[in-house]
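I opened this entry to keep a record of what I looked up, going from the whole chain down to single residues.

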Amino acid sequence: MIASKKPKTAESGVKADGSMPLNKYISQAGVCSRRSAVELIKGGHVRVNGTVIKEPGHRTLVEDMVKVHN
């Protein structure tokens, strides 16, 4: 499953550079809740641009390729 969705507003936790925490990025894409996203990330089930990321707070840009469960 590929998660890619642009943030709704600047008030949604998106920084000026367009980045947001990975768990929030996944939840806003509709994959699961933020808490469930943390478990997926810590379990090694999430890749950002081909690299496994295990830190839920990893800053992610809207143009990054995020894959959950391949």
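**Surface and overall layout**

I began with the accessible surface of the protein, which comes to about 4300 Å², with 49% of it belonging to carbon and sulfur atoms; accessible areas here come from the Shrake-Rupley method with a 1.4 Å probe, and for residues only the protein chains shown count as cover. I noted that this is a predicted model, in which local features need pLDDT of at least 70 and side-chain atom pairs count only at pLDDT 80 or more, while totals for chains, interfaces and linings use all residues. Residues are numbered from 1 along each chain as its sequence is written, and side-chain values use heavy atoms, with hydrogens and water left out.

I then looked up the elements and found two helices and six strands, running β-β-α-α-β-β-β-β from the N terminus on. Helices (H or I, at least four residues) and strands (E, at least two) are DSSP runs, numbered from the N terminus. Of the 70 residues, 36% count as buried, where buried means under 20% relative accessible area, exposed over 50%, and partly exposed in between (1.4 Å probe, protein chains only). I also looked up contacts, meaning heavy atoms within 4.5 Å: among those between residues at least 6 apart in sequence, 48% join residues at least 24 apart.

**The core**

Which residues have the most contacts inside the largest nonpolar core? I found that this core has 13 residues, and that those with the most contacts inside it are Leu22, Ile26, Ile41, Val46, Val48, Val66 and Val68. Helix H1 (22-28), helix H2 (34-42), strand E3 (46-48) and strand E6 (66-68) each supply at least two residues of this core. A nonpolar core is a set of buried Ala, Val, Leu, Ile, Met, Phe, Trp, Tyr and Cys residues joined through side-chain atoms within 4.5 Å. As background I wrote down that in soluble globular proteins, nonpolar side chains tend to be buried together.

Setting aside residues up to four places away in sequence, I saw that Leu22 touches, among others, Ile41, Val46, Val48, Ile53 and Val66.

Asn23 is found in helix H1 and is buried, with a relative accessible area of 14%. Leaving aside neighbours within four places in sequence, Asn23 is in contact with Arg34, Ala37, Val38, Ile41 and Pro56.

Tyr25 is also in helix H1, and at 1% relative accessibility Tyr25 counts as buried. A polar atom of the Tyr25 side chain lies 3.4 Å from the backbone oxygen of Asp64. Tyr25 and Arg59 are 34 residues apart in sequence, with 9.1 Å between their C-alpha atoms.

**Helix H2 and its two faces**

I listed Ala37, Val38, Leu40 and Ile41 as the buried residues of H2. They lie on the same side of H2, because they cover an arc of only 165° around the axis, the arc being that of the directions from the helix axis to the C-beta atoms. These buried residues pack against H1, E3 and E6, whereas the face turned away from the buried side carries the exposed residues Arg35, Glu39 and Lys42.

Asn49, in the loop between E3 and strand E4 (51-52), has a phi near 50°, a positive value in a residue other than glycine. Most residues other than glycine have a negative phi.

In the loop between H1 and H2 I looked up Val31, which counts as partly exposed at 22% relative accessibility. The C-alpha atoms of Val31 and Val68 are separated by 8.4 Å, although the two residues are 37 apart along the chain.

My last entry concerns His69, which lies in the segment after E6 and is exposed, with a relative accessible area of 51%. Not counting residues up to four places away in sequence, His69 touches Leu40 and His45; His69 and Leu40 are 29 residues apart in sequence and 8.5 Å apart in space, C-alpha to C-alpha.

Key:
A polar contact is a pair of N or O atoms within 3.5 Å; within protein, one must be able to donate a hydrogen and the other to accept it, and residues adjacent in sequence count only if both atoms are side-chain atoms.
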